[in-house]
Amino acid sequence: MSDPIKINEKCVFCGACVKACPFGAITQAERKTSPIIDLQKCTLCGSCVVACKFNAIWMKEKSSSGIDLSAFKDVWVFVEQQDGEIQSITYELLGEGRKLADALGMKLCAVFLGSNIQEQTKDLISHGADKVYVVDRPELAHFQDECYGNVLIELVNRHKPSVFLCGASTIGRSLVSRVAVKVHAGLTADCTGLAIDPKTLNLLQTRPAFGGNIMATIETPAARPQMATVRHKVMKEAVVNLAHQGEISMETIAEVLLQSKARRLKFIPEVETTMNIAEANIIVAGGRGLQSVDNFKLLRNLADVLGAGVGASRAAVDSNWIPYSHQVGQTGKTVCPKIYFAIGISGQIQHLAGMQSSDIIIAINKDPDAPIFKVATYGIVGDLFAIVPQLTAEFKKVLGK
Amino acid sequence: MRYVVCIKQVPETTDVKINPATNTLMRDGVVSIINPFDMYAIEEGLRLKALHGGTVTILSMGPPQAESALREAIAMGADDAILLSDRAFAGSDTWATSYTLAMAIRKIANFDLIICGKQASDGDTAQVGPGIAVHLDLPQITYVRKIESLDDKTIVAERLMENGYEVIQSPLPCVLTVIKEINEPRLPSLKGKMAAKKAVITTWNAAELNCDPKCLGLDGSPTKVVKIFTPAPRQGGEVFQGEPEEFIPQLVAKMKDAVLSAAQ
């Protein structure tokens, strides 16, 4: 098989491609020699092709899919619900979906699966949905990967959406991967930015990779729908407009699609969690500097005053001071709150990967050289055991609690 | 029982640094490791084998140098390993990757459980595990934190959700994706290291997998990277030190509006 990417005779040995390659796959032995692409490292991302001013890099074009893209219309949002209660990520998706639908001149549609959920459809319309596709069946009372996937695959094939957004939650990521594979759609995970390319009208999906060290913008040029999961708390919630009108479409689904090989035997809610940290606007997180499980109550007191969720570094979780579901970072959760308190957390790169896109970061650490201070909006150098209680008391006073 | 564990070789994230002059990724001397989440998948395969018997087969798609990741898994105790390597796989997104891995699992034929890490630390998509399940028309249990029971026909496992956990029962074969909470990966033994040195790693190319060429690599991948860039590094801000009695009221006054607006 011939190489999918080559440097041709137009090359002037300027070395621009060497600098442009995010993967270090292009090397130039010395000036005045042609750069060499290491195909084992190359991911065909095309950065070098864009960087080359001399059209000297040829990259294999994707074969055309032969799909008529104009047959696909509307922007869909998957409605995540728990026991019938619509989750906040849904309203964030409706807020963002509205902008995309307006840019495309298309309708914004919500896809709502569950049992006894018809009362809540009004809520989706007042948050901007022009149409709500409802599948109301007892089999769909709670999330199940296979039957939820089957129903969405059927609805996508039936109505052909152009864009399909879903939360990058446990449910969202487990679910839409199944749908995208089955309908051969493009799927981009954990997006933090969405826009419409004004020329091609393709959805431009921007997401972090390598723990946030690089960002990639991705599109689906020749397949539909263009599917994306979207990170919590990045998009603004839709504004409620009670006068907004929308249509409700009750969808019938064949029995066979509602069957599931795997089934949920039970659900055990976590006792300690008062708040899902992925959805929290404020997170108070603690690390090794807390020294013991008992000292986490300092954090809980501050969190209570602020109405915040409690997070933790890997070191705190590994010491069994707090359950794993609270872990922020590469092997835990990625969070994006408005305010993040890092208390007694040194700020290893794996932890930063999970929280550095927070709006405001406040770090408290006794080591002035701790890497956490490099990302902190406000850094406090000092003894957390003295500072946190005072901080709690001051917030209590100022917030009138 | 045959457990197939899918792994990926990734650059160690702690090594990935940004060149401040050019604002590009510096990957010189970056060490390649087994994706951290896949270590839990390998360990779980080995534990199940110790409890229930059977064989653990490691599967990876990647360039020829990914062989070292497979040898490391054998050193931990895996029985055999297969590397899927072909120029035709270059440029694969998660669709094409899950297709290629699924075609290899079909070729393996007799398998009971497929175990993957929840996601890879370079791409962070968490899409390949469920993708394999759909390509093979199998049930899946994602984000598994514990396997409660396993017999010839059925598995019961706990899946971590945002607000608790679910206990899910599935017939075999089934695809699992596992999280850190499930176990603590072992270190390779001396005997394992010896075995890894001698082990023959099977390599399969596209033709051997009986793949549809339209579904591989760039052609099989619906998504396309338009642009890669490094985000502007976050700047450190204001630093407070000295007497907490003095700076805490200042800080809280600055934060008050942000806290009130976040609370809404």
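This is a predicted model: local features need pLDDT of at least 70, side-chain atom pairs count only at pLDDT 80 or more; totals for chains, interfaces and linings use all residues.
1. Basis. Local features need pLDDT of at least 70 and side-chain atom pairs count only at pLDDT 80 or more, while totals for chains, interfaces and linings use all residues. Residues are numbered from 1 along each chain as its sequence is written, chains are lettered from A in the order in which they are written, and side-chain values use heavy atoms, without hydrogens and water.

2. Helix pair. In chain B, helix α2 (residues 67-76) packs against helix α5 (residues 190-198) at about 140 degrees, with the axes 7 Å apart. Axes are lines fitted to C-alpha atoms over the stretch in contact, and angles run from 0 to 180 degrees between N-to-C directions. Helices are DSSP runs of H or I, at least four residues.

3. Contact residues. R71(B), I74(B) and A75(B) of α2(B) meet G192(B), K193(B), A195(B), A196(B) and K197(B) of α5(B) (contact: heavy atoms within 4.5 Å).

4. Interface. Contacts join 95 residues of chain B to 103 residues of chain A. Between them the two chains bury about 9,000 Å², 60% of it on carbon and sulfur atoms (accessible area lost, 1.4 Å probe, summed over both parts).

5. Salt bridges. Five connect chain B and chain A (side-chain nitrogen of Lys or Arg within 4 Å of a carboxyl oxygen of Asp or Glu). K60(A) and D219(B) form a salt bridge at 3.7 Å, N to O. Over all chains the structure holds 30.

Notes:
Helices (H or I, at least four residues) and strands (E, at least two) are DSSP runs, numbered from the N terminus.
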